[in-house]
Amino acid sequence: MSRQDEISTFLSAAGYGNWSAAPLAGDASARRYQRLTGPEGKSAVLMDWPPEEGGDTAPFARLADYLRDLGVSAPETYAQDHARGLLLIEDLGDALFTSVIAQDPTQERALYEAATDLLVHLHRAPVPELEPLGPRVMAEMTALAFTEYRRAIIGDAGDAARARFEDRFEDILRQSLTGDMVFVHRDFHAQNLLWLPARDGIAKVGVIDFQDAKVGHPVYDLVSLLQDARRDVPAGIELQMINRYIGATGVDEAAFHRAYAVTGVQRNMRILGIFARLSLHFGKPHYIDLIPRVWAHFVRGLNHPALALVAEELLEALPAPSAEVLERLRG
């Protein structure tokens, strides 16, 4: 049976066989999406993520249930066939934060406040059973900056420098990321958040792309939101949202700023590697245009005293994204 036949059979069994389909823009993954529109104008979204391409739709459906139970606007699941990697889910619309802000910049602060308040709400909730983002795991996740980004530019991955950094960075993470763990979306940014003003409270923020969630430090998703690889978040809004979160939760301010800087370095190192890999191995060179912004976040984080032990050596190991470097990364 062809993939299209599998999809047709799935939709017919769910009662959506006569709905029209139009492709939706995807992301950096192998997932594909279609918007289905019924005869009366109602809509739904088909997630197509074949298991043979690494797809596993079950975590998305399970975590969507978890989030909705907390009052969060995650898509409702209408039909599912995890064995074939097919999900039919609620259509939350097209009002991505990025689009809303582009159309009306005066809404930017209000949207970031709503997203920050949603994180506060999530971090007070019971933690689901998920893999932890512990210090060793997070340190090892930075390897992509060496094995993908550096290797593509210099020709070698700097294995000795990488191993030395990971060991030192694990210690820094262990000292910096203390306290209770919470639900971590891991890709909580303006391109994965939708504005739903007709809903109330935290439900005004729609959330997608959470299938890779883990449990980790509360700062992680705030870093993802405010050190966005895809758009410039004004420095004033970044600081206001950090202060808003600290004020709402009562966490120690100095410790939170330290955790924010350290997590920012970890996350942006990983993104450097991911974007290099997407360009060179998956034919998506447009991600290279985002690397200067990611690099700026990375370097700013290294200025925090908590990173003093590794900053100089790390900047020597990883080349700055000059025009020549960016062209090389485009392949």
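**Figure 1. The salt bridge between Arg168 and Glu313 in the predicted model.** Arg168 has a relative accessible area of 29% and is therefore partly exposed. This residue belongs to a predicted model, in which Arg168 forms a salt bridge with Glu313. The closest N and O atoms of the two residues are 2.9 Å apart. Because Arg168 is part of helix α7 and Glu313 part of helix α12, the pair ties together parts that are 145 residues apart in sequence. Glu313, with a relative accessible area of 27%, is likewise classed as partly exposed.

Figure 2. How many cavities of 30 Å³ or more are counted? The count comes to one. The volume of the largest cavity is about 50 Å³. Its lining consists of Phe146, Ala161, Phe165, Arg168, Leu309, Val310, Glu313, Leu314 and Ala317. Two or more of the lining residues come from each of the elements α7 and α12. The most is given by α12, with five residues. By class, seven residues of the lining are nonpolar, none is polar and two are charged. Arg168 and Glu313, both in the lining, are the partners of the salt bridge shown in Figure 1. A probe the size of a water molecule, rolled over the atoms, shows where empty space is left.

**Figure 3. Helix α6 and the elements that cover its buried residues.** Helix α6 spans residues 144–154. Which residues of α6 are buried? They are Leu144, Ala145, Phe146, Glu148, Tyr149, Arg150 and Ile153. The covering of the buried residues of α6 includes α5 (135–141), α7 (159–176) and α10 (253–282). It also includes α11 (291–302), α12 (308–317) and α13 (323–330). Just after α6, Gly155 adopts a positive phi of about 105°.

**Figure 4. The salt bridge between Glu140 and Arg136 within helix α5.** The side chains of Glu140 and Arg136 meet in a salt bridge, with an N to O distance of 3.2 Å. Glu140 and Arg136 are separated by about one helical turn because they stand four residues apart in helix α5. Glu140 counts as partly exposed, at 42% relative accessibility. Arg136, with a relative accessible area of 27%, is partly exposed as well.

**Figure 5. The salt bridge between Arg3 and Asp48.** The structure holds 31 salt bridges. In one of them, the side chains of Arg3 and Asp48 meet at 2.6 Å, N to O. Arg3 is in helix α1 (residues 3–14) and Asp48 is in strand β3 (residues 43–48), so this pair ties together parts that are 45 residues apart in sequence. Are Arg3 and Asp48 buried or exposed? Buried means under 20% relative accessible area. Arg3, at 19% relative accessibility, therefore counts as buried. Asp48 is buried too, with a relative accessible area of 5%.

**Figure 6. Val215 and its surroundings.** Val215 is a residue of strand β9 (residues 214–216). Its relative accessibility is 7%, so Val215 counts as buried. Which residues are in contact with Val215, leaving aside its neighbours within four places in sequence? Val127, Pro128, Leu130, Glu131, Pro132 and Leu133 are among them. Met181, Val182 and Val184 are also in contact with Val215. Gly134 is 81 residues from Val215 in sequence, yet their C-alpha atoms are 8.7 Å apart in space.

**Figure 7. The second largest pocket.** The second largest pocket has a volume of about 250 Å³. Its lining comprises 17 residues. Which of the lining residues lie nearest the centre of the pocket? These are Thr178, His217, Pro218, Val251 and Phe256. The elements that contribute two or more residues to the lining are α9 (235–249) and α10. With three residues, α10 gives the most. The lining divides by class into eight nonpolar, six polar and three charged residues.

How values were computed
Residues numbered from 1 in each chain as written. Predicted model: local features only at pLDDT ≥ 70, side-chain atom pairs only at ≥ 80, totals over all residues. Heavy atoms only, no water. Buried < 20%, exposed > 50% of the residue type's maximum accessible area, 1.4 Å probe, protein only. Contact = heavy atoms within 4.5 Å. 1 Å grid on protein atoms, 1.4 Å probe; cavity = no way out; pocket = protein on both sides within 12 Å on 5 of 7 lines; lining within 4 Å. Points joined across faces, edges and corners; volume = space filled by probe spheres on them. Nonpolar A, V, L, I, M, F, W, Y, C, P; charged D, E, K, R; others polar. Salt bridge = Lys/Arg side-chain N within 4 Å of Asp/Glu carboxyl O.
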